[in-house]
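Have a look at the picture, then read on.

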Amino acid sequence: MSPARTDHDSRRQDVSEAVWQVLAEHGFGGLTMRAVAAALGSSTGLVTHYFAGKRELIAHALDILEVRTAQRPRRAAPAPGLAALRTQILNILPLTPDAAAMNRIWVGSWDVALSDPELFAAQTLRYERIRAGLRTCIEDAQRLGELPDGDPAALATTVLSFTHGLVVQALFDPERLPAATQTRLVDDFLAALTG
């Protein structure tokens, strides 16, 4: 019985890799059962064995995206407070080709998440977690005297809004906003917050 389970798990991993390949090459707009089957080199029947429909396929793709985002290499914060906040922002930005690809997929996921109540709720929770991490850094920076007192939750929203705005601009205009320019803009933004 164990070998069959191993084969099933291995095949599911192959299907997941095919889903990721389609996402990376075509985004959510190109994520179809047929495209996944083609990437897998199999029939759509095999893919429908794992996903009953497009919605399940998209939900799985978002799960894969979240896991890969969590597992990608990240900068370590050199210190708590403002340094940690800077590090979190830089870890989100498309500063490398891999980070740019990941961000393109995330931005592409917004449309599908906005149109489905369950995916919308899951995406809302993801952003709440990001803001909570930023808020912790802000609270530390306020306690250390690096940032003025104020509402850390509101400031976390502002920081994430700045960060996502920069992500979108960098994706659409990478020549004008290379990694060094993005980093400088982050430093300018943080300097303005400390003022």
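At what angle do the axes of helix H7 and helix H8 cross? The answer is roughly 120°, and the two axes come within 8 Å. This is a predicted model, in which local features need pLDDT of at least 70 and side-chain atom pairs count only at pLDDT 80 or more, while totals for chains, interfaces and linings use all residues. Residues are numbered from 1 along each chain as its sequence is written, and side-chain values use heavy atoms, with hydrogens and water left out.

**The overall picture**

- The protein has nine helices and zero strands; helices (H or I, at least four residues) and strands (E, at least two) are DSSP runs, numbered from the N terminus.
- Read from the N terminus on, the elements run α-α-α-α-α-α-α-α-α.
- Taken along the principal axes, the C-alpha atoms fill a box of roughly 60 × 40 × 30 Å.
- Of the 195 residues, 41% count as buried; buried means under 20% relative accessible area, exposed means over 50%, and partly exposed is in between (1.4 Å probe, protein chains only).
- Among contacts with a separation of 6 or more, 63% come from residues 24 or more positions apart; a contact means heavy atoms within 4.5 Å.

**Two domains**

- The domain assignment gives domain 1 (3-68) and domain 2 (77-194), and such bounds come from an automatic or database domain assignment.
- Between the C-alpha centres of domain 1 and domain 2 there are 29 Å.
- Where the domains touch, 12 residues of domain 1 are in contact with 11 residues of domain 2.

**Where H7 meets H8**

- Helix H7 covers residues 117-143 and helix H8 covers residues 152-172; their axes are lines fitted to C-alpha atoms over the stretch in contact, with angles that run from 0 to 180 degrees between N-to-C directions.
- H7 passes H8 in a right-handed crossing: a crossing is right-handed if the near helix is turned clockwise from the far one by less than a right angle, and left-handed if anticlockwise.
- From H7, the residues that take part are Tyr127, Ile130, Arg131, Leu134, Arg135, Ile138, Glu139 and Gln142.
- From H8, their partners are Pro152, Ala153, Leu155, Ala156, Thr157, Val159, Leu160 and His164.
- Sorted by class, the contact of H7 with H8 has 10 nonpolar, three polar and three charged residues. Here Ala, Val, Leu, Ile, Met, Phe, Trp, Tyr, Cys and Pro count as nonpolar, Asp, Glu, Lys and Arg as charged, and the others, Gly among them, as polar.

**Salt bridges**

- The count comes to 12 salt bridges, each being a side-chain nitrogen of Lys or Arg within 4 Å of a carboxyl oxygen of Asp or Glu.
- One of them joins the side chains of Arg126 and Asp63 (3.8 Å, N to O). Arg126 lies in helix H7 and Asp63 in helix H4 (residues 54-71), so this pair ties together parts that are 63 residues apart in sequence.
- Arg126 also meets Glu66 in a salt bridge (2.8 Å, N to O). This pair, too, links distant parts of the chain, with Glu66 in helix H4 and Arg126 in helix H7, 60 residues apart.
- Is Arg126 buried or exposed? Arg126 is buried, with a relative accessible area of 8%, whereas Asp63 is partly exposed at 44% and Glu66 is partly exposed at 27%.
- Arg184 and Asp188 form another salt bridge (3.5 Å, N to O). The two are four residues apart in helix H9 (residues 179-194), so about one helical turn separates them.
- Arg184 is partly exposed at 45% relative accessible area, and Asp188 is partly exposed at 42%.
- Salt bridges that share partners join Asp63, Glu66, Arg126 and Arg129 into one network.

- Look for Asn103 in helix H6 (residues 97-114), where it counts as buried at 8% relative accessibility.
- Leaving aside neighbours within four places in sequence, Asn103 is in contact with Ile92, Leu93, Pro94, Val167 and Leu171.
- Next, find Arg75 in the loop between H4 and helix H5 (82-92); Arg75 counts as partly exposed at 44% relative accessibility.
- With neighbours within four places in sequence again left out, Arg75 is in contact with Thr87, Leu90, Asn91 and Leu95.
- Arg75 and Asp63 are 12 residues apart along the chain, and their C-alpha atoms are separated by 23 Å.
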